[in-house]
Amino acid sequence: MFSVQQYSTDRNEAYSLLIKQLSALLEGETNATANLANASALLNQFLDRVNWVGFYTLEEESNQLVLGPFQGLPACVRIPLGRGVCGTSAQTLETLVVKDVHEFPGHIACDAASQSEIVLPLVKDGKLLGVLDIDSPEKARFDEIDQENLEKFCEVLLRYL
């Protein structure tokens, strides 16, 4: 296993290796829960300065996001679409990079240590499946390099969901 710190001179290279590892890890597995669990564990091992990595999946009956596989402290179980960073990302179908969660209107504080967050919608065949949520105890932890590469990570992950 490697981490981003080992490749601090080229984060894109490190992410490229992570994405290859994800493909190898999920190859041949069709169970979505298992694949989300392994993806969250892989990201938690790879990313530095994070305190929560996980997924919320869309429950169509209630039109809410429901807690899925994750790494970190216990979390909020249900998030309505349009509420908080996760619900807003799910509703707009856009990646959100929040440098200071305390400045985000309606932020849902599941872990008081979280200071910044990135949330990526998981959309397959035009349909929202859920979101990838990553929190950090540092403000402004996530940048354009993280966004670009985590979007690629999600593209690969979606092939196995």
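Is Ser 136 buried or exposed? Ser 136 is buried, since its relative accessible area is 0%; buried means under 20% relative accessible area, exposed means over 50%, and partly exposed is in between, with a 1.4 Å probe and protein chains only.

A quick word on what we are looking at. This is a predicted model, where local features need pLDDT of at least 70, side-chain atom pairs count only at pLDDT 80 or more, and totals for chains, interfaces and linings use all residues. Residues are numbered from 1 along each chain as its sequence is written, and side-chain values use heavy atoms, with hydrogens and water left out.

Back to our serine. Ser 136 sits in strand β6, residues 127-136; helices (H or I, at least four residues) and strands (E, at least two) are DSSP runs, numbered from the N terminus. Setting aside neighbours within four places in sequence, Ser 136 is in contact with several residues, including Arg 49, Asn 51, Ser 114 and Arg 141, where contact means heavy atoms within 4.5 Å. A polar atom of the Ser 136 side chain lies 3.0 Å from the backbone nitrogen of Glu 138. That falls under our polar contact rule: a pair of N or O atoms within 3.5 Å, where within protein one must be able to donate a hydrogen and the other to accept it, and residues adjacent in sequence count only if both atoms are side-chain atoms.

You will find Asn 51 in the loop between α2 and β1. Asn 51 counts as buried because its relative accessibility is 17%. Its side chain and that of Ser 114 are joined by a polar contact of 3.2 Å. Asn 51 and Pro 137 are 86 residues apart in sequence, and 6.4 Å apart in space from C-alpha to C-alpha. Beyond four places in sequence, Asn 51 touches a set of residues, among them Gln 71, Asp 111, Asp 135 and Ser 136.

Arg 49 lies in the loop between α2 and β1 too, with β1 spanning 52-59. Its phi is near 60°, a positive value in a residue other than glycine. Arg 49 counts as partly exposed because its relative accessibility is 38%. For another positive phi, look at Asn 63, at about 55° although it is not a glycine. Asn 63 belongs to the loop between β1 and β2, the latter being 64-72, and at 44% relative accessibility Asn 63 counts as partly exposed.

Let's move to the helices. How do α1 and α2 pack? Helix α1, residues 11-26, and α2 meet at an angle of about 150°, their axes 11 Å apart. Axes here are lines fitted to C-alpha atoms, for helices over the stretch in contact, and angles run from 0 to 180 degrees between N-to-C directions. So α1 and α2 are roughly antiparallel to each other; angles over 145 degrees count as roughly antiparallel, under 35 as roughly parallel, 65 to 115 as roughly perpendicular, and the rest as oblique. On the α1 side, the contact includes Leu 18, Leu 22 and Leu 25, which meet a group in α2 including Ala 39, Leu 42 and Phe 46. The residues of this contact of α1 with α2 are 10 nonpolar, three polar and no charged. For that count, Ala, Val, Leu, Ile, Met, Phe, Trp, Tyr, Cys and Pro are nonpolar, Asp, Glu, Lys and Arg are charged, and the others, Gly among them, are polar.

Helix α2, residues 32-46, also has α4, residues 144-158, as a partner: their axes come within 12 Å and cross at roughly 155°. These two are therefore roughly antiparallel to each other as well. The residues of the contact of α2 with α4 comprise seven nonpolar, one polar and no charged.

Asn 35 is in helix α2. At 1% relative accessibility, Asn 35 counts as buried, and its side chain reaches the backbone oxygen of Glu 29 at 3.1 Å.

Last stop, α4. Asp 146 is found in that helix and counts as buried at 1% relative accessibility. The side chains of Asp 146 and Arg 141 are joined by a polar contact of 3.4 Å. Apart from residues up to four places away in sequence, Asp 146 touches Arg 11, Tyr 15, Ile 118 and Arg 141.

Thanks, everyone!
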